Amino acid sequence: MVHLSMSGIATYASPVRIWLTQTLSRQAMLAWGVVGFGLFFVVYQKVVLLQWDFAVYYTAAKALAEGGAPYDPSHLLSVAKEEGGNPYGGLPFLYMPLFARLLYPLTWLSFLDAAWVWFCLKCLALEFILAATVFLIPLPRTLWSWGLLHGAALGFAPFSHDLTTGNIAIFEFAFLMGF
(Lines give C-alpha, C1' and ligand atoms only; values in the text may rest on other atoms or scores of the structure.)
Protein backbone atom coordinates (compact mmCIF):
# COMPACT_ATOMS: atom_id res chain seq x y z
CA MET A 1 0.00 0.00 0.00
CA VAL A 2 1.41 3.40 -1.00
CA HIS A 3 1.01 6.42 1.29
CA LEU A 4 1.93 10.02 0.69
CA SER A 5 4.12 11.44 3.48
CA MET A 6 4.04 15.05 4.75
CA SER A 7 6.86 15.95 2.40
CA GLY A 8 4.90 14.65 -0.56
CA ILE A 9 7.14 11.61 -1.03
CA ALA A 10 5.34 8.36 -1.66
CA THR A 11 6.17 5.63 0.87
CA TYR A 12 5.28 1.98 0.97
CA ALA A 13 3.51 0.61 4.06
CA SER A 14 3.60 -3.15 4.24
CA PRO A 15 0.48 -5.04 5.34
CA VAL A 16 2.40 -6.21 8.42
CA ARG A 17 3.20 -2.63 9.40
CA ILE A 18 -0.43 -1.62 8.93
CA TRP A 19 -1.56 -4.63 11.00
CA LEU A 20 0.87 -3.74 13.82
CA THR A 21 -0.04 -0.06 13.91
CA GLN A 22 -3.81 -0.03 13.43
CA THR A 23 -5.90 0.91 16.46
CA LEU A 24 -7.27 -2.10 18.31
CA SER A 25 -10.85 -2.26 19.53
CA ARG A 26 -11.56 -3.13 23.16
CA GLN A 27 -12.50 -6.64 22.05
CA ALA A 28 -9.19 -7.03 20.23
CA MET A 29 -7.36 -5.71 23.31
CA LEU A 30 -9.20 -8.31 25.39
CA ALA A 31 -8.30 -11.05 22.92
CA TRP A 32 -4.63 -10.03 22.93
CA GLY A 33 -4.84 -9.84 26.74
CA VAL A 34 -5.81 -13.51 26.74
CA VAL A 35 -2.79 -14.20 24.54
CA GLY A 36 -0.62 -12.19 26.98
CA PHE A 37 -2.04 -14.15 29.92
CA GLY A 38 -1.08 -17.33 28.09
CA LEU A 39 2.40 -15.94 27.48
CA PHE A 40 2.97 -15.20 31.18
CA PHE A 41 1.48 -18.57 32.09
CA VAL A 42 3.77 -20.49 29.74
CA VAL A 43 6.91 -18.55 30.67
CA TYR A 44 6.42 -18.73 34.46
CA GLN A 45 4.44 -21.94 35.02
CA LYS A 46 7.54 -23.86 36.15
CA VAL A 47 7.82 -21.70 39.28
CA VAL A 48 4.38 -22.45 40.75
CA LEU A 49 5.78 -24.78 43.42
CA LEU A 50 8.67 -22.41 44.18
CA GLN A 51 6.42 -19.58 45.38
CA TRP A 52 7.81 -19.42 48.91
CA ASP A 53 5.88 -16.28 49.88
CA PHE A 54 2.62 -17.86 48.81
CA ALA A 55 3.49 -20.91 50.92
CA VAL A 56 3.72 -18.59 53.94
CA TYR A 57 0.39 -16.89 53.13
CA TYR A 58 -1.40 -20.17 52.47
CA THR A 59 -0.06 -21.85 55.60
CA ALA A 60 -0.94 -18.84 57.78
CA ALA A 61 -4.47 -18.78 56.35
CA LYS A 62 -4.80 -22.51 56.98
CA ALA A 63 -3.53 -22.12 60.55
CA LEU A 64 -5.96 -19.27 61.19
CA ALA A 65 -8.84 -21.26 59.69
CA GLU A 66 -8.04 -24.09 62.10
CA GLY A 67 -8.00 -21.70 65.06
CA GLY A 68 -4.20 -21.55 65.31
CA ALA A 69 -1.73 -18.70 65.41
CA PRO A 70 -0.57 -17.44 62.00
CA TYR A 71 2.45 -15.70 63.53
CA ASP A 72 4.13 -18.73 65.11
CA PRO A 73 6.56 -20.30 62.57
CA SER A 74 6.75 -23.57 64.53
CA HIS A 75 2.96 -23.89 64.38
CA LEU A 76 3.02 -23.04 60.67
CA LEU A 77 5.62 -25.78 60.10
CA SER A 78 3.35 -28.34 61.77
CA VAL A 79 0.36 -27.18 59.67
CA ALA A 80 2.43 -27.49 56.49
CA LYS A 81 3.69 -30.97 57.41
CA GLU A 82 0.16 -32.21 58.12
CA GLU A 83 -0.91 -31.37 54.61
CA GLY A 84 2.09 -32.66 52.69
CA GLY A 85 3.26 -31.07 49.46
CA ASN A 86 3.47 -27.64 51.07
CA PRO A 87 7.00 -26.23 50.68
CA TYR A 88 6.66 -23.87 53.65
CA GLY A 89 10.20 -23.23 54.86
CA GLY A 90 9.77 -21.49 58.20
CA LEU A 91 9.47 -17.85 57.12
CA PRO A 92 7.31 -15.72 59.43
CA PHE A 93 3.90 -14.40 58.39
CA LEU A 94 4.19 -10.60 58.54
CA TYR A 95 0.79 -9.37 57.43
CA MET A 96 -2.31 -8.50 59.42
CA PRO A 97 -4.79 -11.30 60.16
CA LEU A 98 -7.26 -9.81 57.67
CA PHE A 99 -4.94 -10.80 54.83
CA ALA A 100 -4.89 -14.41 56.04
CA ARG A 101 -8.68 -14.31 56.26
CA LEU A 102 -8.92 -13.02 52.68
CA LEU A 103 -6.97 -16.10 51.59
CA TYR A 104 -9.24 -18.43 53.54
CA PRO A 105 -11.13 -19.66 50.40
CA LEU A 106 -7.81 -20.92 49.00
CA THR A 107 -7.45 -23.21 52.04
CA TRP A 108 -10.40 -25.23 50.78
CA LEU A 109 -8.03 -26.41 48.05
CA SER A 110 -4.88 -28.47 48.35
CA PHE A 111 -1.68 -26.45 48.40
CA LEU A 112 -0.88 -27.37 44.80
CA ASP A 113 -4.33 -26.36 43.52
CA ALA A 114 -4.27 -23.16 45.56
CA ALA A 115 -0.80 -22.32 44.20
CA TRP A 116 -2.11 -22.68 40.63
CA VAL A 117 -5.13 -20.48 41.39
CA TRP A 118 -2.85 -17.88 43.01
CA PHE A 119 -0.51 -17.96 40.02
CA CYS A 120 -3.36 -17.57 37.52
CA LEU A 121 -4.80 -14.66 39.52
CA LYS A 122 -1.37 -13.00 39.48
CA CYS A 123 -1.12 -13.39 35.68
CA LEU A 124 -4.61 -11.91 35.38
CA ALA A 125 -3.65 -8.99 37.65
CA LEU A 126 -0.57 -8.37 35.53
CA GLU A 127 -2.75 -8.23 32.41
CA PHE A 128 -4.97 -5.71 34.18
CA ILE A 129 -1.90 -3.59 34.99
CA LEU A 130 -0.82 -3.59 31.34
CA ALA A 131 -4.32 -2.76 30.09
CA ALA A 132 -4.62 0.06 32.63
CA THR A 133 -1.25 1.36 31.47
CA VAL A 134 -2.51 1.58 27.89
CA PHE A 135 -5.60 3.50 28.97
CA LEU A 136 -4.10 5.69 31.73
CA ILE A 137 -1.00 6.73 29.83
CA PRO A 138 -2.37 7.62 26.43
CA LEU A 139 -0.42 4.98 24.54
CA PRO A 140 -1.66 4.04 21.10
CA ARG A 141 -3.91 1.02 21.33
CA THR A 142 -1.99 -0.93 18.73
CA LEU A 143 -0.65 -4.44 18.59
CA TRP A 144 2.83 -2.93 18.49
CA SER A 145 2.45 -1.06 21.82
CA TRP A 146 0.62 -4.01 23.39
CA GLY A 147 3.46 -6.32 22.38
CA LEU A 148 6.10 -3.89 23.64
CA LEU A 149 4.35 -3.66 27.01
CA HIS A 150 4.28 -7.44 27.33
CA GLY A 151 7.93 -7.69 26.35
CA ALA A 152 8.81 -5.02 28.90
CA ALA A 153 6.77 -6.81 31.58
CA LEU A 154 8.55 -10.08 30.82
CA GLY A 155 11.91 -8.35 31.18
CA PHE A 156 10.97 -6.27 34.24
CA ALA A 157 12.74 -7.87 37.20
CA PRO A 158 10.18 -6.86 39.88
CA PHE A 159 7.34 -8.55 37.97
CA SER A 160 9.46 -11.61 37.32
CA HIS A 161 10.51 -11.80 40.97
CA ASP A 162 6.93 -11.36 42.15
CA LEU A 163 5.62 -14.12 39.90
CA THR A 164 8.45 -16.40 41.01
CA THR A 165 8.04 -15.83 44.75
CA GLY A 166 4.26 -15.62 44.91
CA ASN A 167 4.39 -12.25 46.63
CA ILE A 168 1.44 -9.82 46.66
CA ALA A 169 3.14 -6.83 45.00
CA ILE A 170 1.41 -7.39 41.63
CA PHE A 171 -1.96 -7.46 43.40
CA GLU A 172 -1.11 -4.28 45.29
CA PHE A 173 -0.01 -2.56 42.07
CA ALA A 174 -3.16 -3.70 40.25
CA PHE A 175 -5.27 -2.39 43.14
CA LEU A 176 -3.52 0.99 42.94
CA MET A 177 -3.87 1.10 39.14
CA GLY A 178 -7.61 0.57 39.59
CA PHE A 179 -7.94 3.88 41.39
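Visitor: Which residues are buried in α2?
Guide: In α2, the buried residues are Met29, Gly33, Gly36, Phe40 and Tyr44; buried means under 20% relative accessible area, exposed over 50%, and partly exposed in between (1.4 Å probe, protein chains only). They cover an arc of only 65° around the axis, which places them on the same side of α2. The arc is taken from the directions from the helix axis to the C-beta atoms. This is a predicted model, in which local features need pLDDT of at least 70, side-chain atom pairs count only at pLDDT 80 or more, and totals for chains, interfaces and linings use all residues. Residues are numbered from 1 along each chain as its sequence is written, and side-chain values use heavy atoms, with hydrogens and water left out.

Visitor: What covers the buried residues of α2?
Guide: The cover includes α6 (111–136), α7 (143–155) and α8 (157–165), with contact meaning heavy atoms within 4.5 Å. Helices are DSSP runs (H or I, at least four residues), numbered from the N terminus.

Visitor: And which residues are exposed on the other side?
Guide: Gln27, Val34 and Val42 are exposed there.

Visitor: Changing topic, how many disulfides are there?
Guide: The count is zero, where a disulfide is a pair of cysteine sulfur atoms within 2.5 Å.

Terms used
Helices (H or I, at least four residues) and strands (E, at least two) are DSSP runs, numbered from the N terminus.
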